[in-house]
Amino acid sequence: MVLGLLLARAGVRVTVLEKHADFLRDFRGDTVHASTLTLLDELGLGERFAALPQRQFDRARLQLDQGTVQVGDMRRLPGPNKHIALVPQWDLLDLLADAAAEEPTFTLRRNAEVTDLLREGDRIVGVRFTDRTDGSTHELRATLTVACDGRGSAVRAAAGMRPRGFGVPMDVWWFRLPRHADDPTGLVGRFSAGHIMVMIDRGDYYQCGYLIRKGADAGLRAAGIAQFRARLVGLVPWVADRVDAIRSFDDVKLLDVRLERLRRWYADGLLVIGDAAHAMSPVGGVGINLAVQDAVAAARIVAPALRAGGLVPESVLRRVQLRRWWATALVQAGQRLAHRRILGPALSAEDEGRSASQLGGRAEVEAVRPVRVADPFQDAPTESLPPLLRLLRRFPALQGIPARMIAIGPLPEHAPEWARRPTTPVPAAVPEVSESISRSG
Ligand SMILES: Cc1cc2nc3c(=O)[nH]c(=O)nc-3n(C[C@H](O)[C@H](O)[C@H](O)COP(=O)(O)OP(=O)(O)OC[C@H]3O[C@@H](n4cnc5c(N)ncnc54)[C@H](O)[C@@H]3O)c2cc1C
């Protein structure tokens, strides 16, 4: 959507094909980072964005067994935006789609599932897609085709491109818990040996992501929903009064976590960006920001050739990869380090605790171990913290570094001059929080 909007503002004829009828899906994260907020300001969409129902947070805190520790401080960021906004992604995508629809050269076609590529010799000259409303198939020819269809990219597969995969120790269980008015706001991160959970405040409910060891899904489900509810209460005692809202495992979805990267992000007539080029782990919640930054860089680099009406040479497409590759590789290296050094060991602490049940047979799940929780909202004593966290506590200026890596990233991208607009007023009807939430599902 970002690339479509920018290219349309360059006067390029652009069609975005989206396989679903709407953007109402849960599995993409909600974070809109400081650099994306700045981009929206540059595009003249800051006010419209500010009018969306949202939560904001300017500090990142972890709840450990021994209490809370602050690990990032967005108030130390450079630039006008010093926070991360939490907005359901469908609201952001609708906003972008509305802004793009104001451009005469923009078309969004929903229910359009790309199934194959069109070729002339070695060159990719467009796509074949199915209209999911009636099953009819169509062809769309294009000077340049951009695969931005996510980590399971059908376009990438049709082009015969295979990403390199990096091992990942975990998957995510994704579910909701009711939220009360006096509960913590923003993002709650809970970390304990064997148990890690993130809770995203969406008004009257939390969208929760609970990490499990990769491959442990079937065994944990076999242990029953009561076992899982007990785990949650052990981890976050203040949700004890609402865990019954998870009625069965039908309410708990398994999200397969992947970390992958293509060696080459382009072919003749084709460019691959976002998760299709580099699937991101949820660590740090930075995948949306990177996908947006890819789109901005791509628009800036390819727009001149498209405006001139000619083909986009591979040398130009290569410049997009050169621009974005190192920032992506750096972030993925950080995620791999976090998997290896923090999440992997933390999740296998669970294994140590279950060895007794394993001795008795093939049981997959340990009895729930009580988690030591002091008052989770109190600051953890400094001497109880691991060295890195102790350093962040002692020298708060250092908290600007993780804040910058997460909220801005190593290489922020800015809107090209030709895409900038003065701020546009907020449209009359702005959805209420409750409306947005009921629409979700
Ligand atoms: C559990 C989990 C939590 C995460 N949380 C966060 C977070 O909090 N913050 C964050 O920044 N990142 C988060 N991420 C990562 C983030 O979701 C991705 O990095 C980001 O969505 C990538 O954007 P994208 O546009 O490349 O792909 P996507 O967001 O996956 O979008 C791809 C689009 O293409 C459409 N599509 C797919 N196939 C076709 C087809 N054949 N034809 C037409 N259309 C098609 C899809 O419907 C979709 O609209 C999380 C990831 C996971 C797994």
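His 138 lies in strand S10 (residues 136-141). Strands here are DSSP runs of type E with at least two residues, helices are runs of type H or I with at least four residues, and both are numbered from the N terminus. The model is a predicted one, in which local features need pLDDT of at least 70 and side-chain atom pairs count only at pLDDT 80 or more, while totals for chains, interfaces and linings use all residues. Residues are numbered from 1 along each chain as its sequence is written.

His 138 has 12 other C-beta atoms within 10 Å and is therefore exposed. Apart from neighbours within four places in sequence, His 138 is in contact with Phe 129 and Asp 131. Contact means that the C-beta atoms of two residues, placed from the backbone, lie within 7 Å. Val 114 is 24 residues from His 138 in sequence, and the C-alpha to C-alpha distance between them is 9.3 Å.

Asn 111 is found in the loop between strand S7 (106-109) and strand S8 (112-120). Its phi is near 55 degrees, a positive value in a residue other than glycine. With 16 other C-beta atoms within 10 Å, Asn 111 is partly exposed.

Two helix pairs come next. Two packed helices are described by the angle between their axes and the distance between the axes. Axes are lines fitted to C-alpha atoms, for helices over the stretch in contact, and angles run from 0 to 180 degrees between N-to-C directions.

| Helix pair | Axes come within | Crossing angle |
|---|---|---|
| H2 (residues 34-42) and H8 (residues 287-307) | 9 Å | roughly 40 degrees |
| H1 (residues 2-9) and H4 (residues 89-101) | 9 Å | roughly 20 degrees |

H1 and H4 are therefore roughly parallel to each other. Angles under 35 degrees count as roughly parallel, over 145 as roughly antiparallel, 65 to 115 as roughly perpendicular, and the rest as oblique. H1 passes H4 in a left-handed crossing, a term for a near helix turned anticlockwise from the far one by less than a right angle, with clockwise giving right-handed. Val 2, Gly 4, Leu 5 and Ala 8 of H1 make the contact with Leu 96, Ala 99 and Ala 100 of H4. By class, these residues are six nonpolar, one polar and no charged. Nonpolar covers Ala, Val, Leu, Ile, Met, Phe, Trp, Tyr, Cys and Pro; charged covers Asp, Glu, Lys and Arg; the others, Gly among them, are polar.

H2 and H8 are oblique to each other, and their crossing is left-handed. Ser 35, Thr 36 and Leu 39 in H2 meet Asn 289, Val 292 and Val 296 in H8. That contact has three nonpolar, three polar and no charged residues.

H2 also takes part in the packing of helix H12. In H12 (residues 400-407), the buried residues are Ala 403, Arg 404, Ile 406 and Ala 407. They pack against H2, strand S4 (59-64), strand S5 (67-73) and strand S6 (84-86).

An open sheet of three strands, with mixed pairing, has the order S11-S20-S19. Its edge strands, S11 (145-147) and S19 (266-267), each pair on one side only. Strands pair if DSSP finds at least two bridges between them. S19 and S20 (residues 270-272) pair in the antiparallel sense over two bridges, and Ala 267 stands opposite Leu 270 in S20.

Key. A residue is buried if 20 or more other C-beta atoms lie within 10 Å of its own, exposed if 12 or fewer, and partly exposed in between; C-beta atoms are placed from the backbone.
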